[in-house]
Amino acid sequence: MKKSVILLLGFVIIAVYLVSAGIGNAFSQDISRDPTEFAPYGEPLGRTSPKTVNVTLFAHERTGTIDAGSDEVVGTADDITYNAMTFGSSSDPETGRIPGPFIRVLEGDTINVTLNNSLGNETHSIDFHAIKGYKGGMTKLTADAGDTVTATFKLLHPGLYVYHCAADGVIANIATHIANGMWGMILVEPQKGGKYFRGDVKKADKEFYIMQCEFYLDGDPGLTSTYTPGNYAFDLLGKGLAEHPDYVVFNGRAGVSRSTIASSAPPVSIDVNLGDNVIIYFGNMGPSLISGTHMIGEIWDREYEEGDVLSPPRNNIETSTVPPASTVIWAFKPLVKESEGGANVLVDHAIFRVAKGAFGLMHVLP
Ligand SMILES: [Cu+2]
């Protein structure tokens, strides 16, 4: 055999080994949804007539980083990882992130929802809070491991709603699948009513998708000098039942590491330009805590409380109350650029939760 062929074979063997060991993909542990990601089901509608929309959600039971540690890099030895459950938009596990895919429809749309659980080891389901009856669709959208189910609904009630896995309907399992990250949001845009909200959507320069949640670890992750990287799972009967989380985070990963109580490359780090019309679709999936969501250095010019897109918005709101399984929409215009006023900081203003990770950034560029 020629030397070059032997060399090539060697490279191939090494490459196959690296990929199979997961080293070939530096972000294979990243389970955080980019707040700018609305594709493939959440892009602006650009239409005013109802139609039929097809949405397929895949259940992905996936271990990923919820604290990137002091090096602020996902996928390294000082990470705290967690046995999460996620919704993705394809069979590619990389699409399974926290929160699940953003879904956007128009009032009057018919939605064909497929839940693909071909990759799962447990029973999963979907409860859309935008749907009346059928336990939010869950009774028609429950798939045992290996199964795929489809159901059709008409969306008649405009608003921003959460959707979540309700497992097999057993309370402990519902709690577990919510605590593990199986949820997202669905926006039902008003067709004729809701002129204020429609006006804000029409003039929006930038839109973002952010959800808050807690993680309850089956071990002590420590704090600063006692920080203990490693893999953890959900503690149902201990911290879960006591509603005592180790982490409170935006988009599935701590913005502040317990290793340093300092910023850890927050997954929510958004860029806007001075004078942009900005919309943030925000949800809180708990499972337990009520969020007092505030952005340091910003005022929510218009707040669509609890995802109500039909009523006129409230004005000049400092902190939004967002209970578990609820949403809010903020429409605002940043007026001070970062080079003058520093970065704006998104927090749950129950301020000790910042040390548990509830920290995001908004950079106002010129
Ligand atoms: Cu589930």
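## Salt bridges and the domain interface

Glu340 is exposed, with a relative accessible area of 63%, where exposed means over 50%, buried under 20% and partly exposed in between, using a 1.4 Å probe and protein chains only. The structure is a predicted model, in which local features need pLDDT of at least 70 and side-chain atom pairs count only at pLDDT 80 or more, while totals for chains, interfaces and linings use all residues. Residues are numbered from 1 along each chain as its sequence is written, and side-chain values use heavy atoms, with hydrogens and water left out.

Side chains of opposite charge can pair when their charged atoms come close. A salt bridge is taken here as a side-chain nitrogen of Lys or Arg within 4 Å of a carboxyl oxygen of Asp or Glu, and by this rule the count comes to 16 salt bridges. The table gives some of them.

| Salt bridge | Closest N and O atoms |
|---|---|
| Arg253 and Asp30 | 3.2 Å |
| Lys337 and Glu340 | 3.7 Å |
| Arg104 and Glu207 | 2.8 Å |

In the pair formed by Lys337 and Glu340, Lys337 counts as partly exposed because its relative accessibility is 25%. Both Arg253 and Asp30, by contrast, are buried.

The domain assignment, which is automatic or taken from a database, divides the chain into domain 1 (52–193) and domain 2 (206–365). The centres of the two domains, taken over C-alpha atoms, are separated by 20 Å. Contact means heavy atoms within 4.5 Å, and 42 residues of domain 1 are in contact with 46 residues of domain 2.

The size of an interface is often given as the accessible area lost when the parts come together. Domain 1 and domain 2 bury about 3300 Å² between them, 67% of it on carbon and sulfur atoms; this buried area is the accessible area (1.4 Å probe) that two parts lose on being put together, summed over both. On the side of domain 1, Ile66, Ile80 and Leu160 lose the most area to domain 2, and together they account for 18% of what that side buries. Across the interface of the two domains, the rule finds one salt bridge.
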